[in-house]
Amino acid sequence: DAIRVFNELDSTLEADFVSYNFIINACTFNQKLEYAIEYLIASIKKHIKLSEDTYHNVVNYLLENKFMKYQTRINYAQELLKNFKENQIGLRNDLYQKITKLLYNNKGNNKEVESELKGNNYRGGYYKKHYNGKYNK
């Protein structure tokens with residue numbers, strides 16, 4: 001029901017920061033992770049900045065999800081990381097390490113993502129923002 005109401009709201013009034021945070025977290029915590037990821041990516045594409053906890057919750061649940069097919073998890077992880085990078089949304093170091101481990105363990109099937117990760121210090125987004133660039137590499 002919440003998904004239907006949100007879709008109606010978004011189609012008539014254009015959902016905002018509060019609406020997106022609410023629906024994404026509701027979907028995440030109610031095992032509707034696919035919807036949470038779709039809404040998260042939609043909010044990024046609309047340039048709606050969400051709570052850092054919302055980004056972290058979705059990534060954490062994706063990484064710990066044991067019911068989603070492995071390749072689906074990989075595809076979502078790639079898409080999220082790409083969108084985060086393109087929009088300068090940083091992740092906590094622990095989540096960044098877990099998501100890159102997931103992608104690197106995909107037996108070399110992520111050449112595009114691997115090359116982007118090697119060529120750019122993506123994790124720096126979160127730390128530079130929160131610790132004035134003073135972090136250990």
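Trainee: What share of the contacts in the protein chain with a separation of 6 or more comes from residues 24 or more positions apart?
Mentor: Such residues account for 62% of those contacts, a contact being heavy atoms within 4.5 Å. Note that this is a predicted model, where local features need pLDDT of at least 70 and side-chain atom pairs count only at pLDDT 80 or more, while totals for chains, interfaces and linings use all residues. Residues are numbered from 1 along each chain as its sequence is written, and side-chain values use heavy atoms, with hydrogens and water left out.

Trainee: How many helices and strands are there?
Mentor: The protein chain has 8 helices and 0 strands. These are DSSP runs numbered from the N terminus (helices H or I, at least four residues; strands E, at least two).

Trainee: And how much is buried?
Mentor: 45% of the 137 residues of the protein chain; buried means under 20% relative accessible area with a 1.4 Å probe, protein chains only.

Trainee: Switching to helix 5 and helix 6: at what angle do the axes cross?
Mentor: Roughly 125 degrees, with the axes of helix 5 (residues 70–86) and helix 6 (residues 93–104) coming within 10 Å. Axes are lines fitted to C-alpha atoms, for helices over the stretch in contact, and angles run from 0 to 180 degrees between N-to-C directions.

Trainee: Which residues make the contact?
Mentor: Helix 5 supplies Tyr 70, Arg 73, Ile 74, Ala 77, Gln 78 and Leu 81, and helix 6 supplies Ile 99, Leu 102 and Leu 103.

Definitions and conventions:
Buried < 20%, exposed > 50% of the residue type's maximum accessible area, 1.4 Å probe, protein only.
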